[in-house]
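Please look over the sequence and the structure before reading on.

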Amino acid sequence: MIYTIKSIDGWHIRIPLATPYHLSKVMGTLTHSDAVLIRITLEDGTGGWGECDPGGLNFTGDTGESVFADVRVRSRTMIGCNVEDWVRQGHGRNVRGTAGAVFDVACHDTLGRATGIPVWQLLGEQRRDRIDVLWPTSSGTAEDDLAIINQRYAQGFRTYMLKMGDRPALSDLERLKRVLGAVQSDVRIMVDANQGWSRDEAISFAEGAAALPLILIEQPVAADDHEGLHHVRQSGCTVSVDESVQKPEDAERIIAADAADIFSVKISKNGGLANSAFIANVVHQAGKRILMNSMIELGLTQAASLHLGCTLPNLVDCGHAYMSTLRMSDDVTDFSDWVENGIAILPDRPGLGVKVDESKVNHYQVEHFHVS
Ligand SMILES: [Mg+2]
């Protein structure tokens, strides 16, 4: 059997969030998903799906419009390619960025569906079939956080990510202390400043938080400030990088600079499954750990992330970001059904294992292309 690509359909789709998501002063407020989907069709009529999720100009440097245009052009060069060669020979390692991710995810799903193999099996050894899920809060007050935490605690969520970096770091430190003082004893907290603090602010926050039971501080300073990240680590807090680690080369540079303890992996940001798996391995070899994180993304990317997360030996012991579709007003897949009582459970199905509702893809479409 030769798994040759006959045609590719692509969609730019946009779905509103259930509630707007306020991040830091650098990242602003998000109101909807902006996803690019492709469907690969093979010569024998079988096929599969991929998704990528532009992070915006301040994060990944792209938008739904720019990624869709890039994917449309690149799709022409994929016609006639063999998805088995792509996956088995690791061609996904040669792509970069959001637009590259969609082809790598789609090739994995297509090969998995065509051969009856789940994607995790194309990536490595399965170490678990379920992962605890975290829940994020918007940048706001302790009262806002506690309202969300109390609501989601009842639904089984135990790990929370407080978004910070919109206000002075020391007021966010007071907010963190109030939250920690009010939650149940089995609640665990991480914070994400989304580059919103100066180096001095970040260090004063970290010094104040060093004795607190905090899982990690994500991206306290600007993405390229590796020296600043290193200084924040000196406070004794655990530092995670997100915006800093986009390409595999970034992970290697951060490790060389001793600038982080934990690396946020996002399938779309990191350029697909092959690059994300490579980054996770580089991080593991350095004795450091992975947080499976997400953009505002739909079920195809979330499923790809869960398949990879279930193979990794070095996940941080806490909830991970498999809540994205639960925060949307709708999704084009059934991924939300995989999350029960705050735990994401991997089904035993070929490919990514998600069901895609094409009528919803068409309903939410901004633009579409077909190439063959
Ligand atoms: Mg982050």
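The model is predicted, so local features are given only at pLDDT of at least 70 and side-chain atom pairs count only at pLDDT 80 or more, while totals for chains, interfaces and linings use all residues. Residues are numbered from 1 along each chain as its sequence is written, and side-chain values use heavy atoms, with hydrogens and water left out.

## Domains

The domain assignment gives domain 1 (5–116 + 357–367) and domain 2 (123–345); such bounds come from an automatic or database domain assignment. The C-alpha centres of domain 1 and domain 2 lie 23 Å apart. Contact, meaning heavy atoms within 4.5 Å, joins 43 residues of domain 1 to 43 residues of domain 2. Between them the two domains bury about 3500 Å², with 58% of it on carbon and sulfur atoms. Tyr 21, Phe 59 and Arg 93 lose the most area on the domain 1 side, together 19% of what that side buries. Buried area here is the accessible area (1.4 Å probe) that two parts lose on being put together, summed over both.

Two salt bridges are counted between domain 1 and domain 2. A salt bridge is a side-chain nitrogen of Lys or Arg within 4 Å of a carboxyl oxygen of Asp or Glu.

## Magnesium site

Asp 192 (OD), Glu 218 (OE) and Asp 242 (OD) coordinate the magnesium ion at 2.2 Å. Along the sequence these donor residues follow the spacing D-x25-E-x23-D. Asp 192 belongs to strand E7 (residues 188–192), and Asp 242 lies in the loop between strand E9 (239–241) and helix H9 (248–256), 50 residues apart. Both Asp 192 and Asp 242 are buried. Donors are N, O and S atoms within 2.8 Å of the metal (3.2 Å for Na, K and Ca), and sites may look incomplete because water is not among the atoms. Buried means under 20% relative accessible area, exposed over 50%, and partly exposed in between (1.4 Å probe, protein chains only).

Helices (H or I, at least four residues) and strands (E, at least two) are DSSP runs, numbered from the N terminus. The expected span of a helix is 1.5 Å times one less than its number of residues.

Helix H1 (residues 64–78) has 15 residues and reaches 20 Å from first to last C-alpha, close to the 21 Å expected. Which residues of H1 are buried? They are Gly 64, Val 67, Phe 68, Val 71, Ser 75 and Met 78. An α-helix has 3.6 residues a turn, so residues three or four places apart point the same way. The buried residues of H1 pack against several elements, among them strand E1 (5–22), strand E2 (29–42) and helix H3 (97–115). Just after H1, Gly 80 has a positive phi of about 90 degrees.

H3 has 19 residues and reaches 27 Å between its end C-alpha atoms, close to the 27 Å expected. This helix is mostly covered, with 15 of its 19 residues buried.

## A loop residue

Leu 326 sits in the loop between helix H11 (299–309) and strand E12 (339–340). Leu 326 is counted as partly exposed because its relative accessible area is 30%. Leaving aside neighbours within four places in sequence, Leu 326 is in contact with Trp 135, Phe 157, Ser 336 and Val 339. The C-alpha atoms of Leu 326 and Gly 299 are separated by 9.6 Å, and the two residues are 27 places apart along the chain.

## Salt bridges

The count for the model comes to 29 salt bridges.

| Pair | N to O distance |
|---|---|
| Arg 96 and Glu 249 | 3.1 Å |
| Arg 14 and Glu 65 | 3.0 Å |
| Asp 250 and Lys 247 | 3.8 Å |
| Lys 360 and Asp 330 | 2.8 Å |

Lys 360 is in helix H12 (residues 358–363) and Asp 330 in the loop between H11 and E12, 30 residues apart. Lys 360 is partly exposed at 27% relative accessible area. Asp 250 counts as buried because its relative accessibility is 7%, whereas Lys 247 is partly exposed at 37%. Asp 145, Arg 167, Asp 172 and Arg 175 are linked in a network of salt bridges.
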